Amino acid sequence: MTADLARSSLWRDRSFVLLASARTVSVLGNAFARVALAFAVLELPGAGPGKLSLVLACQALPQLVFVLVGGVIADRVSRSRLMVVSDLVGAAAYAGLAVMTLTGHAPLPALCLLAVLAGTATALFYPAMAGVVPLIVPAGRLQQANALLRVAMNGAMLLGLALSGVTVAFVGAGWALALNAASFALSAALIGALRLTVRPRKAASGWAELRHGWREFASRQWLWAIVAQYAVVVAAGNAYVGVLGPLVADERLGGARAWSVVVAAQALGTIAGAGLAARVRVARPMLVAVLVTFPAALPMALLAAGASLWVTAPAMFLAGVATDVFGVLWATTLQREVPEEALSRVSSYDMFGSLAFAPLGLLIAGPVAAAIGTGRALAGCAGLVVLATAGALLSPQVRSLRAVDAGGGVEGDVDVAVDAVAAADGDADGDADVGSDVGSDVGSGAADSASGA
């Protein structure tokens, strides 16, 4: 079946359309919240950078702390019901933030509590979402499904970011937060209509399930090698997008308007990348996924070298394309290689590991730039991305893991050039991997990274 036919049939599938619609609505609302929450806090009496940082930290920290708990819960109960509960908690949190912003009565402890609830909702939602796609999509269409979901979500994010500033300016941050709360409620209603089979409760304790998820994660060298790679890549990317890039834009590119062009170019690239990923077929998906991470270092290196806005923006577009090609290949490989009953726990370890150094990247970027200069700090970020990506290529399983189609056969390799890269070591490593793979006795035999975050 051609890719076009596969995509067409997916859009005729009720469950997939419900899931895609829910994610599109929710991501659109979250895009509003990114801008609205910052301005909502800053508009409150006595607010300043310190209060804003505290509220945002209260939202971000639970996403890291509770994601492993979310993985265990998602593998023990109905994933769709957990997603509904998470969305309703998110709706309540943002509704509360909206009310406090609109009334002007917002004690700091209450702001922090609601921010914690919003972050916890995200931590519970992500692992469940990662495990739902294989339950509603045939194995042979997982890659198309992941790509289409990312196209829809990236488009919603781009639209939301584009409209958020206008919305906040015209109706105020409080009403923008209220729109986000409504988006969560609508997402919950759409996901509630999925009608997935209720999962039988497991007799094992939560700690036992957490340990079993760790064994599933640690037994696959390709999995933990790439998560380790992305712990560095995400930290460097956070430092670049959150601190260093805006500093350079303010110094010599033209300020916030210029930086918005760069960020918009990346967002457009993610949409194009997801569309490309829906069509490509590669025999070694993890090798390709790692190789396409190298372009993430390009815009950092160009800005470090003094490149102009109109050179940096195309590089960010390319980095966006690469990001979503990676994301689709990663999510699809996780769904194919990890047993379904452990998929949410493994995905939670993926998110936890990938985000492990993300706060550190934001924390030290400013002081490092002040100490050695923004250009050198950017060059350091680019170097970290290249080194981490090259390190992941040292894994024999990353280089040799082959995609398996729905019928159990190996998919054809469209990327002949990429296959040639692996040919030098593929035959030698292939036999050795079978014997050395500590995960060979796990149920699957042989996802999106939070980067996407």
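Is Ile372 buried, partly exposed or exposed? Ile372 is partly exposed, because its relative accessible area is 41%. The cut-offs: buried is under 20% relative accessible area, exposed is over 50%, and partly exposed lies in between, with a 1.4 Å probe and protein chains only.

A word on the model. It is predicted, so local features need pLDDT of at least 70 and side-chain atom pairs count only at pLDDT 80 or more, while totals for chains, interfaces and linings use all residues. Residues are numbered from 1 along each chain as its sequence is written, and side-chain values use heavy atoms, leaving out hydrogens and water.

Now the whole chain. It has 19 helices and 0 strands. These are DSSP runs numbered from the N terminus: helices are H or I with at least four residues, strands are E with at least two. Of the 453 residues, 53% count as buried.

Back to Ile372. It lies in helix H16, residues 358–372. Together with Phe357, Leu360, Leu363, Ile364 and Val368, Ile372 forms a nonpolar patch on the surface. Here a nonpolar patch joins Val, Leu, Ile, Met, Phe, Trp or Tyr side chains within 5 Å, each residue having over 30% relative accessible area and no salt bridge. The patch has about 530 Å² of accessible area, by the Shrake-Rupley method with a 1.4 Å probe, where only the protein chains shown count as cover for residues.

Helix H4, residues 67–74, is largely enclosed by the rest of the structure, because 6 of its 8 residues are buried. Val67 and Leu68 are among them.

Finally, salt bridges. A search of the whole structure finds 2. Each needs a Lys or Arg side-chain nitrogen within 4 Å of an Asp or Glu carboxyl oxygen. Arg150 meets Asp324 at 3.0 Å, N to O. Arg150 is in H7 and Asp324 in H14, 174 residues apart. Both are buried. Arg220 pairs with Glu216, with the closest N and O atoms 2.9 Å apart. Arg220 counts as buried because its relative accessibility is 0%.

Notes
Patch = residues over 30% accessible without salt bridge, like charges linked within 9 Å, V, L, I, M, F, W, Y side chains within 5 Å.
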